[in-house]
Amino acid sequence: MNLFILRHASAGIRRINPALDRKRPLDKDGKRHCLQLAHVLNAMKLSFDAIVSSPLKRSMQTASLVGTEMGYEAPILPSTALAPDAAFPAFQKLLQECAEFENVLVVGHNPNLTGFVGSLLAPTSTGLDGRGGATVVRLRKGSLARLNLVRGPATLQWLLDPRTVRALYATSTTRSRRKTSRK
């Protein structure tokens, strides 16, 4: 299985009240980044067999925008295994449920996504909660990691940082006609 792990895009300032924070939507930059990421993934000729998201609004919006722009037509599956307070055993169960798919996109939050990636890459270096291990992969908002899950520990294939996505998007949408100066 090719597992694509996406941290939700920018959603503004965190709310103190947990009930309000669950409903926090993406901001303007977050929406733009999702569209740019989808454009880059389309240029890479990637497609997803399943998209699973945290039930929080910002993650569902990220999954929806990326999926829609990529032509994904199946429903996005919400899962509490990707919520901010989820534990690694729940995430492992989710992966087992998605084992029939070849390309799976999961959208969630930090700090648990970072811990999950670390636990998949080096299973013996982390605790059961998937946090605090020796293997650390930094996932900024809007970062996408591609892991190959075969026997044994996962293999990190690549990691797209938001800055890299912006650069790839800018180079893939340049005009074919060069600008000339009028000096």
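## Ser79 and its surroundings

The side chain of S79 reaches the backbone nitrogen of A81 at 3.2 Å, a polar contact in the sense of a pair of N or O atoms within 3.5 Å, one able to donate a hydrogen and the other to accept it, where residues adjacent in sequence count only if both atoms are side-chain atoms. This is a predicted model, in which local features need pLDDT of at least 70 and side-chain atom pairs count only at pLDDT 80 or more, while totals for chains, interfaces and linings use all residues. Residues are numbered from 1 along each chain as its sequence is written, and side-chain values use heavy atoms, with hydrogens and water left out.

S79 lies in the loop between β3 (77-78) and α4, helices (H or I, at least four residues) and strands (E, at least two) being DSSP runs numbered from the N terminus. Its relative accessibility is 14%, so S79 counts as buried (under 20% relative accessible area, with exposed over 50% and partly exposed in between, for a 1.4 Å probe and protein chains only). Beyond its neighbours within four places in sequence, S79 is in contact with V52, S53, S54, P55 and L94, contact meaning heavy atoms within 4.5 Å.

## Helix α2

At the start of α2, a side-chain oxygen of D27 comes to within 3.3 Å of the backbone nitrogen of D29. The buried residues of α2 are G30, H33, C34, Q36, L37, A38, V40 and L41, and they pack against β1 (2-7), α3 (57-69), β5 (144-148), β6 (155-160) and α6 (162-172). After α2 comes K45, whose phi is positive, near 60°.
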